[in-house]
Amino acid sequence: MTFQATVLYDFAGELSEESSVSVGDVITVTNPDAGQGWLSGIRVDGEGGFVPSHYVERIQDQIFSPSAPIMENNLDSKNKEKSDINSEIANETKEAKTNAPIEVFNKAHDSVSRVEARSSSPEPGQRFSSVLKLVTNAFGKSDEVCAYLMGITKSAETEEVLINEASEGNFQWVPPSDTFTCIVGRAAKSSKFGGIKPFMTYGLTPSFTENQVLRRYKNFVWLHERLEDKFGTVIAIPPLPWKLDIGIAGEDVLEKRRIRLQIFTDQICRHPVLSNSSVWKHFIQEVDEKKWTEGKRKSEEDTNIRCAFLTNIQAVRLNEEVENILDEKISKFSKTINDMKHAVNNMTVITKDQITK
């Protein structure tokens with residue numbers, strides 16, 4: 001599957017397999033999931049290589065796929081009419097652009113309304129479901145998004161994520177009260193099975209414990225998969241460096257990998273959501289091997305992932321003073337509504353009496 005994508009950020013490749021790109025470049029993506037947050041693509045000059053997947057944005061030519069051709073042979077007049085309506089919906093949605101979701105919704109809503117107006121007895125909820133399917137297809141993962149919008153997705157008991165309104169209509173993650181860093185130490189060679197299988201370990205030292213834990217590269221890969229699975233729907237996960245053949249990798253190559261792992265770690269520590277996630281805290285601070293394994297299994301069994309993670313997003317709680325003011329205003333408004341209700345009822349009685357006279 002190939003498609004074109006626009007580069008959102010500058011990227012300077014350091015290894016021969018990586019491709020340097022600049023903001024605004026258009027590349028042809030040949031493999032959107034090359035592993036650990038990378039994709040492979042070809043630049044306009046014909047040179048190819050790997051680029052971080054969250055550095056680019058796919059160029060969408062069409063939001064919806066055209067409807068499959070409908071055979072008109074042996075169709076009665078009613079089926080012929082439905083075929084014409086389906087074609088009309090496909091033509092309207094084909095003209096929609098990805099940067100205008102409201103327009104897509106309105107067109108889809110109008111088209112579905114026309115279909116239901118001509119049908120005999122639409123099923124309850126069919127109209128809303130049809131609109132959601134048309135709209136959510138534009139974003140991919142339509143089943144997950146549609147389930148979330150329709151309230152089917154269940155909220156799991158897990159850590160909540162707070163957002164606030166930075167400016168009118170613009171929301172942001174609430175930064176954590178405590179920030180920390182994590183240092184990635186130099187690679188140390190180790191082995192198992194009597195030296196038959198060598199591997200490298202990296203010492204991770206978080207600033208809030210200052211206790212070092214040892215992690216292999218495959219542990220970083222596991223962490224990246226967990227973060228991508230849980231938060232990847234709404235958060236771009238930084239890429240990992242490439243897997244190396246440690247048998248032939250020199251000191252300079254190993255140091256470059258350590259630097260890349262440090263960059264990955266710094267980006268996670270600076271993110272207000274990822275830095276406080278349970279899987280990240282477990283990764284950088286658990287030293288006991290048994291507890292480390294148990295925590296991995298618990299994270300792998302987490303069901304509050306992808307779109308289900310959205311149910312954890314909460315607005316910042318109001319302080320007690322603001323809550324009291326709002327409660328008072330709501331109470332006054334409720335009393336005003338009751339007074340208005342009695343006044344309207346009296347006016348209705350008087351009106352009916354005057355009509356009778």
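**Overall picture and confidence**

In this chain, 56% of the contacts with a separation of 6 or more are between residues 24 or more positions apart, where a contact means heavy atoms within 4.5 Å. What we have here is a predicted model, in which local features need pLDDT of at least 70 and side-chain atom pairs count only at pLDDT 80 or more, while totals for chains, interfaces and linings use all residues. Residues are numbered from 1 along each chain as its sequence is written, and side-chain values use heavy atoms, with hydrogens and water left out.

The secondary structure comes to nine helices and 12 strands, these being DSSP runs numbered from the N terminus (helices are H or I with at least four residues, strands are E with at least two). Of the 357 residues, 31% count as buried, where buried means under 20% relative accessible area, exposed means over 50%, and partly exposed is in between, with a 1.4 Å probe and protein chains only.

As for pLDDT, the predictor's confidence in each residue from 0 to 100, the mean for the chain is 75, and 69% of the residues reach 70 or more. Confidence is lowest in helix H2 (residues 101–118), at a mean of 42, and highest in strand S8 (residues 182–184), at 95. Residues 62–78 have a pLDDT below 50, and that stretch has 19 contacts in the model beyond near neighbours in sequence; residues 134–142 are also below 50, with 17 such contacts. Where pLDDT is low, the predicted coordinates should not be read in detail.

**A pair of helices**

How do the axes of H5 and H7 cross? The axes of helix H5 (residues 217–231) and helix H7 (residues 278–285) come within 10 Å and cross at roughly 170 degrees, the axes being lines fitted to C-alpha atoms over the stretch in contact, with angles from 0 to 180 degrees between N-to-C directions. That makes H5 roughly antiparallel to H7, since angles over 145 degrees count as roughly antiparallel, under 35 as roughly parallel, 65 to 115 as roughly perpendicular and the rest as oblique. On the H5 side, Asn-219, Phe-220, Trp-222, Leu-223, Arg-226 and Leu-227 meet Val-279, Trp-280 and Phe-283 of H7.

**Loop residues**

Ser-19 lies in the loop between strand S1 (3–7) and strand S2 (26–35), and Ser-19 is buried, with a relative accessible area of 3%. Ser-19 and Gly-49 are 30 residues apart in sequence, but 4.5 Å apart in space, C-alpha to C-alpha. The side chain of Ser-19 also makes a polar contact with the side chain of Arg-43, at 3.1 Å; a polar contact is a pair of N or O atoms within 3.5 Å, where within protein one must be able to donate a hydrogen and the other to accept it, and residues adjacent in sequence count only if both atoms are side-chain atoms.

Thr-311, in the loop between helix H8 (289–300) and strand S12 (313–315), is buried at 18% relative accessible area, and a polar atom of its side chain lies 2.6 Å from the backbone oxygen of Ala-308. Arg-306 is found in the loop between H8 and S12; its phi is near 50 degrees, a positive value in a residue other than glycine, and Arg-306 is partly exposed at 34%.
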